[in-house]
Every structure is written in structure tokens, then in C-alpha cells.
Amino acid sequence: MAKVLVSIKIFPSDIDTNLDSLRKEIVETIPKYASVYRFDEEPVAFGLIALIAHLLLPEDRSGGMDELESSLRKIEQISQFETLMVRRT
């Protein structure tokens, strides 16, 4: 079965947010059918660093992207996020 790779740019709520704890909270919060492929960091401005989360979702999961976004909205350390890419792997 094919997977869907989703890349999401995640902006921390504060410049002093611990990115390691944010990564851990993302891993614990995303739905169980999703998995983390990897995390990258991207400097934004004035010391703010955004996380780029590359997540794998099953292709046949209906509404999977909506559930993923909903789970990310529950994390208080995230101010906002944007989907950069969605592709089939």
C-alpha cells in the first residue's frame, strides 16, 4: 500500500520554545496511523526557528489530513503551521 508524505512547516509560539520538547509532543499527539519520517529546522527571522515535519500517512485513510491538522492545533507550543507539500510515495 502506498503512503502519502506530508511536509508541514510548524512555527513555535515563542522564540524560546524548546524544539526537542516540541518534536516529542508532535510525535505523541499525531494520530496513531501517522508516523514521523523526519524533522528539519528552518531559520525564519530574528532567532525564530521553524520545524519542518515530514509525516507519513496511509493513502487509503479518508480524512487523515484533517485529523492530522486537528491534532497539531491542540499543541499549545505551536502558533501556526502551513502545509508545504503532499505527495504519494
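This is a predicted model: local features need pLDDT of at least 70, side-chain atom pairs count only at pLDDT 80 or more; totals for chains, interfaces and linings use all residues.
Buried means under 20% relative accessible area, exposed means over 50%, and partly exposed lies in between (1.4 Å probe, protein chains only). Residues are numbered from 1 along each chain as its sequence is written, and side-chain values use heavy atoms, with hydrogens and water left out.

Arg 23 sits in helix α1, which covers residues 19-29. Helices (H or I, at least four residues) and strands (E, at least two) are DSSP runs, numbered from the N terminus. Setting aside neighbours within four places in sequence, Arg 23 is in contact with Phe 39, Glu 41 and Leu 51, where contact means heavy atoms within 4.5 Å.

Now for the charged pairs. Side chains of opposite charge can pair when their charged atoms come close. A salt bridge here is a side-chain nitrogen of Lys or Arg within 4 Å of a carboxyl oxygen of Asp or Glu. By this rule the count comes to seven salt bridges.

One of them joins Lys 9 to Glu 42, with the closest N and O atoms 2.6 Å apart. This pair links distant parts of the chain: Lys 9 belongs to strand β1 (residues 3-12) and Glu 42 to strand β2 (residues 35-45), 33 residues apart. Lys 9 is buried, since its relative accessible area is 14%, whereas Glu 42, at 30% relative accessibility, counts as partly exposed.

Another salt bridge brings together the side chains of Glu 59 and Arg 88, at 2.4 Å from N to O. Glu 59 is partly exposed, with a relative accessible area of 37%, while Arg 88 is exposed, with 58%.

Arg 61 and Glu 67 form a salt bridge as well, their closest N and O atoms being 3.6 Å apart. Arg 61 counts as partly exposed at 39% relative accessibility, and Glu 67 counts as partly exposed at 34%.
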